[in-house]
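Work through the exercises below with the sequence and the structure at hand. Each task is followed by a solution in steps.

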Amino acid sequence: MSQVSASAPDVEVPSIPLAQIAPWAVFFGLIAMLALFFVSTDQGATSLISGTAIHEWVHDGRHLLGYPCH
Ligand SMILES: [Zn+2]
């Protein structure tokens with residue numbers, strides 16, 4: 001029979017101030033929105049870059065997320 005130790009390990013969870021994490025949250029939010037734009041809309045409903053290269057690269061993701069494609 002094994003014994004379970006009653007003492008929990010001392011783990012400190014670091015707290016990150018909101019003012020410190022907010023710029024990073026905004027930055028990655030914009031990057032995510034840009035990626036979502038290319039997956040969902042570009043070379044579909046609208047097009048910033050001519051051709052079909054972006055469409056071909058993100059085509060499976062577009063279908064996976066249910067965006068209208070063809
Ligand atoms: Zn398609």
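Helices here are DSSP runs of H or I with at least four residues, numbered from the N terminus. The model is a predicted one.

**Exercise 1.** State how Trp 24 and Phe 27 are placed along helix α1.

Solution. Trp 24 and Phe 27 both lie in helix α1, three residues apart. About one helical turn therefore separates Trp 24 from Phe 27.

**Exercise 2.** Classify the ring pair of Trp 24 and Phe 27.

Solution. The count of aromatic pairs comes to four. For Trp 24 and Phe 27, the ring centres are 6.3 Å apart and the planes stand at 90 degrees. Planes over 60 degrees apart count as edge-to-face, so the pair of Trp 24 and Phe 27 is edge-to-face.

**Exercise 3.** Are Trp 24 and Phe 27 buried, partly exposed or exposed?

Solution. Exposed means over 50% relative accessible area, and buried means under 20%. Trp 24 has 54%, so Trp 24 is exposed. Phe 27 has 42%, so Phe 27 is partly exposed. Phe 27 also pairs with Phe 28, edge-to-face, at 5.1 Å centre to centre with 70 degrees between the planes.

**Exercise 4.** Which residues make the nonpolar surface patch of about 780 Å², and how does Ile 31 count by accessibility?

Solution. The patch is made by Ile 16, Leu 18, Ile 21, Trp 24, Phe 27, Phe 28 and Ile 31. Ile 31 sits in helix α1, which covers residues 18-40. Its relative accessibility is 42%, so Ile 31 counts as partly exposed.

Notes: Residues are numbered from 1 along each chain as its sequence is written. This is a predicted model: local features need pLDDT of at least 70, side-chain atom pairs count only at pLDDT 80 or more; totals for chains, interfaces and linings use all residues. Side-chain values use heavy atoms; hydrogens and water are left out. Patches are made of residues with over 30% relative accessible area and no salt bridge: like charges are joined within 9 Å, nonpolar side chains (Val, Leu, Ile, Met, Phe, Trp, Tyr) within 5 Å. Accessible areas come from the Shrake-Rupley method with a 1.4 Å probe; for residues, only the protein chains shown count as cover. A salt bridge is a side-chain nitrogen of Lys or Arg within 4 Å of a carboxyl oxygen of Asp or Glu. Helices (H or I, at least four residues) and strands (E, at least two) are DSSP runs, numbered from the N terminus. Buried means under 20% relative accessible area, exposed over 50%, partly exposed in between (1.4 Å probe, protein chains only). Rings of Phe, Tyr and Trp (its six-membered ring) pair if their centres lie within 6.5 Å; planes under 30 degrees apart count as stacked, over 60 as edge-to-face and the rest as tilted.
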